[in-house]
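Have the viewer open while you read.

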Amino acid sequence: MKGIVLAGGSGTRLFPLTLVTSKQLLAVYNKPMVYYPLSVLMLAGIRDILIISTPSAVPVIQSLLGDGSKLGLNLSYAVQDEPRGIAEAFLIGAGHIGDDSSALILGDNLFHGAGFPELLRRSRESLDGCTLFGYPVPDPERYGIGEVDSGGMLVSIEEKPLCPRSDNAITGLYFYDNEVVDIARGIAPSARGELEITDVNLEYLRQGRARLIGLGRGCTWLDCGTYDSLLSASQYVQAVEKHQGERVACLEEIALRMGFIDAEACYRLGAGMGQSNYGRYLTEIAYALG
């Protein structure tokens, strides 16, 4: 499975914070925002990842993450000149995907919770068509909503329904088989001129090959695209790290625990961060797990 992080867009909802920087480089507590979606793909066991962003952001994100080799990854980069819809990621990334299945995650989404890595692994192994991830929300009329039958298969998808038949919002994490590239090529732009990911999902639904997995109690999904949600995400990560002693989206620790790098490499990465608490944590975890 190949991974794609779609970290495009101009971040206008966060102006003036994003007037001179990419949204994905803003801090979510003690890490750049892009660490969070990247960590999800790593937890799913994906090491070959394409990061798509704006012409101005790609060089800066590439300066931050490099080719990924320090984390045992293979990172590549591509430009989305302007926002033309989530589904365009599959046209931009067609060469990257090749003959494989793919996992797409939006660059401002944060996922965390007990059992989440195992859920990702099972979802990847059982993929047959399209797997989406749902999260219960109190205001489903603001989201794309998925309705499922007793077996977890999607029955309907509604965008911002006036009378929602479910409270399961479709999150910004998507697993697809290789057919997604051809499906994305075949959809027409919407009225707003974008290739809508919902149209891709509806085609899998028409084929009877769309599944929605609910992220239940113990899992958290946050979108960091507004002032309030960005602050909430930072406060959530701070609370987890301070009160539970667990690090959220610590890429180096994930790489070590997943076997992408060894303890010595993790220690070097931590030692290279000077006296920061983050760096000290990495050297400690490398020593404990080495």
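**Ground rules**

This is a predicted model, so local features need pLDDT of at least 70 and side-chain atom pairs count only at pLDDT 80 or more, while totals for chains, interfaces and linings use all residues. Residues are numbered from 1 along each chain as its sequence is written, and side-chain values use heavy atoms, with hydrogens and water left out.

**Overall fold**

The protein chain has eleven helices and 13 strands. Both are DSSP runs numbered from the N terminus: helices are H or I with at least four residues, strands are E with at least two. The C-alpha trace spans about 55 × 40 × 40 Å along its principal axes. A compact globule of 290 residues would have a radius of gyration near 19 Å, and the protein chain agrees, at 19 Å. That radius is taken over C-alpha atoms, and the globule rule is 2.2 Å times the number of residues to the power 0.38. Of the 290 residues, 54% are buried. Here buried means under 20% relative accessible area, exposed means over 50%, and partly exposed is in between (1.4 Å probe, protein chains only).

**Charged pairs**

Side chains of opposite charge can pair when their charged atoms come close. The rule for a salt bridge is a side-chain nitrogen of Lys or Arg within 4 Å of a carboxyl oxygen of Asp or Glu, and by this rule the count comes to 21. Three of them are listed here.

| Salt bridge | N to O distance |
|---|---|
| Glutamate 118 and arginine 122 | 3.9 Å |
| Glutamate 125 and arginine 121 | 2.7 Å |
| Aspartate 177 and arginine 209 | 2.7 Å |

Helix α5 (residues 116-125) holds glutamate 118 and arginine 122, four residues apart, about one turn of the helix. Glutamate 125 and arginine 121 are also four residues apart in helix α5, so about one helical turn separates them. Glu118, Arg121, Arg122 and Glu125 are linked in a network of salt bridges.

How do these four sit relative to the surface? Glutamate 118 is partly exposed at 33% relative accessibility, and arginine 122 is partly exposed at 45%. Glutamate 125 counts as exposed at 58%, whereas arginine 121 is partly exposed at 35%.

Aspartate 177 lies in the loop between β11 (168-176) and α6 (180-186), and arginine 209 in the loop between α7 (197-206) and β12 (210-214), so the pair ties together parts that are 32 residues apart in sequence. Both aspartate 177 and arginine 209 are buried.

**Aromatic rings**

The structure holds seven aromatic pairs. Rings of Phe, Tyr and Trp (its six-membered ring) pair if their centres lie within 6.5 Å; planes under 30 degrees apart count as stacked, over 60 as edge-to-face and the rest as tilted.

Tyrosine 135 and tryptophan 221 are an edge-to-face pair, 5.9 Å centre to centre with 70 degrees between the planes. Tyrosine 135 belongs to strand β8 (residues 130-136) and tryptophan 221 to strand β13 (residues 219-223), so the pair ties together parts that are 86 residues apart in sequence. Tyrosine 135 and tryptophan 221 are both buried.

With ring centres 6.2 Å apart and planes at 15 degrees, tyrosine 174 and tyrosine 176 are stacked. Tyrosine 174 is buried at 4% relative accessibility, and tyrosine 176 is buried at 0%. Ring pairs also link Phe90, Tyr174, Tyr176 and Tyr204 into a cluster.

Which two residues does a cis peptide bond join? They are phenylalanine 15 and proline 16, with omega about 5 degrees. Phenylalanine 15 is in the loop between β1 (2-7) and β2 (27-28) and is partly exposed, at 33% relative accessibility.

Tyrosine 29 is not a glycine, yet has a positive phi of about 55 degrees. This tyrosine 29 lies in the loop between β2 and β3 (31-32) and is partly exposed, at 31%. Alanine 249 has a positive phi too, near 60 degrees. Alanine 249 is in the loop between α8 (227-243) and α9 (251-257), and counts as buried at 7% relative accessibility.
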